[in-house]
Amino acid sequence: MKSRWLERTLAVVCALVLTAAVMSKPVFTQAEAAEASLEAEALEESYVIFGDDSGDAAQLEVTDNRTTVPYYVGETEYGECMLIDGTPYVNVAAFLSALGVGGTAYDSGSSLTLTGGVLTMTAEAGAIYFICNDRYLYVKDGVQSIDGSICLPVEALVKCTGASVTWDRVEWRITVEEGELSPLTEGASYYSETDVYWLSRVIYAEAGGQSLAAQAAIGSVVMNRVADEAFPNTVYEVIFAKNQFDVVINGMVYMTPDETAEIAAKLALEGYDLASGATYFTREGDDVDDGVTGEEGYDCVTQVEDIRFLVPA
């Protein structure tokens, strides 16, 4: 009897302990659960990972008045990046030196050249592109001269070096992970001669004499078509598809392009979309480039100078 009483007593005690444990757990309301979910999302967005192969590396909105962010290689602080429209720019020569990229850099403040190492580079202040290993890389806010030195976006230099870099928006620091770099593939291996040949010609015929941005946007339309299942999947086939480009019909596509058109072609082949996804373009008063009169049935997604870039509505 005594043993059975002891068993019952222990069972009651265990039940009470379990009940107390359950009751001690926090009970979240729906509002509290939603807030916790938002906090988790905010924590994920606290990091910008540069070097996204898709070309869509996130740029988080700057919500305070800070104009600089320090950068580290491993745990060692090397310098600061300047924020321009929320994009971190860095002194090119200093940043590459911190990463251990060899070579000789000459920086006049208005231009920079880098030779003698795994990277060759030229950059001109004010230009919307720079050249690395004979590749043409777009810079949305332009190459900058800051305090007498050429500066480029961290993201662009990540593409050149293959470095692994993160921007921690909580600790407010950019960190380059220590490790082996992977320099950018040379242009001679990257660009298809056939693609450059025909893309530069259609660009020159359609927008020769206009700005590099306008010409690169024309190239983007061709590349957007290549990527769209509704069109052929090569540059040549897109350009010479029946009744698609007037400059093919009238023979202007066979004119020899200038250097600007060739640069525009290479920027488009790099995947920079200056046409905001457009697959058509027109000028005011002109027909859409596929022969459809006017712009009815199309939405304008962007305009570069006098060229309107369109997608089907």
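How many aromatic pairs does the count come to? The count is 15 aromatic pairs, where rings of Phe, Tyr and Trp (its six-membered ring) pair if their centres lie within 6.5 Å. The model is predicted: local features need pLDDT of at least 70, side-chain atom pairs count only at pLDDT 80 or more, and totals for chains, interfaces and linings use all residues. Residues are numbered from 1 along each chain as its sequence is written, and side-chain values use heavy atoms, with hydrogens and water left out.

**View 1. The pair Y129 and Y136 is tilted.** Planes under 30 degrees apart count as stacked, over 60 as edge-to-face and the rest as tilted. Here the ring planes of Y129 and Y136 stand at 35°, with the centres 5.7 Å apart. Y136 is buried at 11% relative accessible area. Y129 is partly exposed at 21%. Buried means under 20% relative accessible area, exposed over 50%, partly exposed in between (1.4 Å probe, protein chains only).

**View 2. Y280 and Y298 meet edge-to-face.** Their ring centres are 5.0 Å apart, and their planes are at 70°. The pair links distant parts of the chain, 18 residues apart. Y280 is in strand 14 (residues 280–283) and Y298 in strand 15 (residues 298–304). Strands (E, at least two residues) are DSSP runs, numbered from the N terminus. Y280 is buried at 11% relative accessibility. Y298 is buried at 15%.

**View 3. One aromatic cluster.** Y197, W198, Y236, F240 and Y254 form this cluster.

**View 4. Charges over rings.** The charged end of R66 sits over the ring of W172, 3.8 Å from its centre. R135 lies over the face of Y190, 3.5 Å from the ring centre. A charge sits over a ring if NZ of Lys or CZ of Arg is within 6 Å of the ring centre and within 35 degrees of the ring normal.

Notes
Helix = DSSP H or I, 4+ residues; strand = E, 2+ residues; numbered from the N terminus.
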